[in-house]
Amino acid sequence: MDRNPEKDPQDWTTGDEPMTGPQESYLRTLAQEAGEEVPGGLTKVEASQLIDRLQDKTGRGR
């Protein structure tokens, strides 16, 4: 039994809030490694989705 099931970011009740500091910091690291820019004004959901995409691209965090 998975005690910490992953919840779809679209179902987050706080998903429309601005991304957190840790999300922004990690995104900047991933974006630098991927040769991409981090857009401003991301929500928590958008940041999470971008983190997933950049992790896939860089092979990091999985």
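Predicted model: local features only at pLDDT ≥ 70, side-chain atom pairs only at ≥ 80, totals over all residues.
1. Residues are numbered from 1 along each chain as its sequence is written, and side-chain values use heavy atoms, with hydrogens and water left out.

2. The secondary structure comes to two helices and zero strands, where helices (H or I, at least four residues) and strands (E, at least two) are DSSP runs numbered from the N terminus. Of the 62 residues, 31% count as buried, buried being under 20% relative accessible area, exposed over 50% and partly exposed in between (1.4 Å probe, protein chains only).

3. Helices H1 and H2 pack at an angle of about 35 degrees with their axes 9 Å apart, the axes being lines fitted to C-alpha atoms, for helices over the stretch in contact, and angles running from 0 to 180 degrees between N-to-C directions. The residues of this contact divide into nine nonpolar, four polar and three charged, with Ala, Val, Leu, Ile, Met, Phe, Trp, Tyr, Cys and Pro counted as nonpolar, Asp, Glu, Lys and Arg as charged, and the others, Gly among them, as polar.

4. The largest nonpolar core has eleven residues, including Met19, Leu27, Val38, Leu42 and Leu54; such a core is a set of buried Ala, Val, Leu, Ile, Met, Phe, Trp, Tyr and Cys residues joined through side-chain atoms within 4.5 Å. The elements that give two or more residues to this core are helix H1 (21–34) and helix H2 (44–58).

5. Leu27, found in helix H1, counts as buried at 0% relative accessibility. Leaving aside neighbours within four places in sequence, Leu27 is in contact (heavy atoms within 4.5 Å) with Met19, Val38, Leu42, Ala47, Leu50, Ile51 and Leu54.

6. Gln23, also in helix H1, is buried with a relative accessible area of 13%. With neighbours within four places in sequence left aside, Gln23 is in contact with Lys44, Ala47, Ser48 and Ile51; Gln23 and Ala47 are 24 residues apart in sequence and 6.6 Å apart in space, C-alpha to C-alpha.
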